[in-house]
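Please work through the exercises below with the sequence and the coordinates at hand, and try each task before reading its solution.

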Amino acid sequence: MDNLIKYFIECAVAADRERLVSCSSGNLSMRCGDRALLSATGSCLGRLGESDIAVCDIGTGRSLNGVVPTMESGFHLGIMRRRPDVGCVLHFQSPYATVVSCMKHKPEDYAVIQEIPMYVGRNVPVIPFMAPGSAKLAEAVTDALAAADLAILSNHGQVACGTGFDDVFRKAVFFELACRVIVLSGGYSVIKA
């Protein structure tokens, strides 16, 4: 478990370094058998320490080490319960993708670079705004990611899931790049990949 905690911290710092999160704007989880490591509520991924990591039972959501998990633990654990193939979930608020999440008219297709259909897929569900940390949001995200690996939370950010951190990190970084292209092009007149 010590090695996994060390790796979890390294991944959290990598997400911060890539500017996928700012301060305490995002959260991370990783599967460890029937348990999951989750960043603690209010923690900053770029400065995560061992005391900022909750160990939770995936089935019940109960913290096993007394650390209160992120307020978004409902969708992190919900995705893991629904999809046994998912080993990592990242809720992020990167600059350009978050601009897109706040746009009134969101693009219908994010495949403006080749990597989107390759790594993210063409299906990027958009979830209407719901209160952060709410049971309704957790249910909506869990349902949306039953058949997709990345979703946009309107006026809130994004969630990516995958087999492990490297898989999730690649999806998040390429999605941010695609959203940068979309925003810098004015949100239209981009040739799809």
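Predicted model: local features only at pLDDT ≥ 70, side-chain atom pairs only at ≥ 80, totals over all residues.

Residues are numbered from 1 along each chain as its sequence is written, and side-chain values use heavy atoms, with hydrogens and water left out.

**Exercise 1. Helix 3 and helix 6**

Task: determine how helix 3 and helix 6 pack, at what angle and with their axes how far apart.

Solution. Begin with the elements: helices (H or I, at least four residues) and strands (E, at least two) are DSSP runs, numbered from the N terminus. Helix 3 covers residues 95-102 and helix 6 covers residues 165-184. The angle comes out at about 60 degrees, and the axes are 7 Å apart. Then classify the angle: under 35 degrees counts as roughly parallel, over 145 as roughly antiparallel, 65 to 115 as roughly perpendicular and the rest as oblique. Helix 3 and helix 6 are therefore oblique to each other.

For the handedness, a crossing is left-handed if the near helix is turned anticlockwise from the far one by less than a right angle, and right-handed if clockwise; the crossing of helix 3 and helix 6 is left-handed. Finally, list the contact (heavy atoms within 4.5 Å): helix 3 contributes Pro-95, Tyr-96, Ala-97, Val-99 and Val-100, and helix 6 contributes Phe-175, Glu-176, Cys-179, Arg-180, Ile-182, Val-183 and Leu-184. With Ala, Val, Leu, Ile, Met, Phe, Trp, Tyr, Cys and Pro counted as nonpolar, Asp, Glu, Lys and Arg as charged, and the others, Gly among them, as polar, the residues of this contact divide into ten nonpolar, no polar and two charged.

**Exercise 2. Two further helix pairs**

Task: describe the crossing of helix 1 with helix 6 and that of helix 2 with helix 5.

Solution. Take helix 1 (residues 2-17) to start with: its axis comes within 11 Å of that of helix 6, and the two cross at roughly 5 degrees, so helix 1 and helix 6 are roughly parallel to each other. Tyr-7, Cys-11, Ala-14 and Ala-15 of helix 1 meet Phe-165, Asp-166 and Phe-169 of helix 6, a set that divides into six nonpolar, no polar and one charged.

Turn now to helix 2 (residues 73-82) and helix 5, whose axes come within 8 Å and cross at roughly 35 degrees, in a right-handed crossing. Here Gly-74, Phe-75, Gly-78, Ile-79 and Arg-82 of helix 2 make the contact with Leu-137, Ala-138, Val-141, Thr-142 and Asp-143 of helix 5, and these residues divide into five nonpolar, three polar and two charged.

**Exercise 3. Aromatic pairs**

Task: find how many aromatic pairs the structure holds, and characterise the pair of Tyr-119 and Phe-174 and that of Phe-165 and Phe-169.

Solution. Rings of Phe, Tyr and Trp (its six-membered ring) pair if their centres lie within 6.5 Å, and planes under 30 degrees apart count as stacked, over 60 as edge-to-face and the rest as tilted. The structure holds three such pairs. Tyr-119 and Phe-174 are stacked, at 5.5 Å centre to centre and 10 degrees between the planes; since Tyr-119 lies in helix 4 (residues 115-120) and Phe-174 in helix 6, the pair ties together parts that are 55 residues apart in sequence. Phe-165 and Phe-169 are tilted, at 5.4 Å and 35 degrees, and both lie in helix 6, four residues apart, about one turn of the helix.

For accessibility, buried means under 20% relative accessible area, exposed over 50% and partly exposed in between (1.4 Å probe, protein chains only). Phe-165 counts as buried at 6%, whereas Phe-169 is partly exposed at 22%.

Notes
Axes fitted to C-alpha atoms, helices over the stretch in contact; angles between N-to-C directions.
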